Amino acid sequence: MKIDIPLMYHEKLSSYQGKEIIMGIRPEDLHGEGIVADTYPSANFDFEIEVAELLGHEYILHGSLNGQKMCAKVNSRLEPEAHTTIKLTMDLSKVHFFDLETENRID
């Protein structure tokens, strides 16, 4: 998966040009609907749901992206089901980057 990193991160990531880094995102910053998908089209991906936990007005989804285990917190309107795949989008204004060697956050 290739993601277009927003301009707001370019300066702080410039010293990592050509290096491998880690990108992290919180479960509540993955969205299955709305303006986020339109704002960050390169951050759309297929999420394979293994378990869908209904918690009233939201679901906690456990699954994977390219073999990497992830959790997503989505609105119950999506009505996701286990053992299916849905489209999610990362809110790229909420991602965090980490140095692969030191595991420190890149600020």
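Analyst: A residue is called buried under 20% relative accessible area, exposed over 50%, and partly exposed in between, with a 1.4 Å probe and protein chains only. With this scale, Arg105 is partly exposed at 45% relative accessibility, whereas its salt-bridge partner, Asp107, is exposed, with a relative accessible area of 71%.

This is a predicted model, in which local features need a pLDDT of at least 70 and side-chain atom pairs count only at 80 or more, while totals for chains, interfaces and linings use all residues. Residues are numbered from 1 along each chain as its sequence is written, and side-chain values use heavy atoms, with hydrogens and water left out.

The mean pLDDT (the predictor's confidence in each residue, from 0 to 100) of the chain is 93. A value of 70 or more is reached by 100% of the residues. Among the elements, helix α2 (residues 35–39) has the lowest confidence, with a mean of 93, and strand β7 (residues 96–99) has the highest, at 96.

The setting comes next. The chain has 107 residues, of which 35% count as buried. Along the principal axes, its C-alpha atoms fill a box of roughly 45 × 25 × 20 Å. The chain contains two helices and seven strands (DSSP runs numbered from the N terminus: H or I of at least four residues for helices, E of at least two for strands). In sequence order, these elements give the pattern α-β-β-α-β-β-β-β-β.

Five of the strands form an open sheet in the order β2-β6-β3-β4-β5, and the pairing is antiparallel; two strands pair if DSSP finds at least two bridges between them. The edges of this sheet are β2 (30–31) and β5 (68–75); each has a single partner strand, so one side of each has no neighbour in the sheet. Within the sheet, β3 (residues 44–54) and β6 (residues 85–90) are joined by five bridges in the antiparallel sense.

The structure holds four salt bridges, each being a side-chain nitrogen of Lys or Arg within 4 Å of a carboxyl oxygen of Asp or Glu. One of them joins Glu33 and Arg77, with 2.7 Å from N to O. Glu33 lies in the loop between β2 and α2, and Arg77 in the loop between β5 and β6; the pair thus links distant parts of the chain, 44 residues apart. Glu33 is partly exposed, at 32% relative accessibility, while Arg77 is exposed, at 60%.

Another salt bridge brings together Lys69 and Glu50, with 3.0 Å from N to O. Because Lys69 belongs to strand β5 and Glu50 to strand β3, the contact ties together parts that are 19 residues apart in sequence. Lys69 counts as exposed at 57% relative accessibility, and Glu50 as partly exposed at 35%.

The pair with which this answer began, Arg105 and Asp107, also forms a salt bridge, and its closest N and O atoms are 3.4 Å apart.

Another charged residue, Glu103, deserves attention for its backbone. Most residues other than glycine have a negative phi. Glu103, in contrast, has a positive phi of about 65° although it is not a glycine. Glu103 is located in the segment after β7 and is exposed, with a relative accessible area of 61%.

A positive phi, of about 50°, is also found at Asn66, again not a glycine. Asn66 sits in the loop between β4 (58–65) and β5, where it is exposed, with a relative accessible area of 66%. Gly67 is found in the loop between β4 and β5 as well, and its relative accessible area of 69% makes it exposed.
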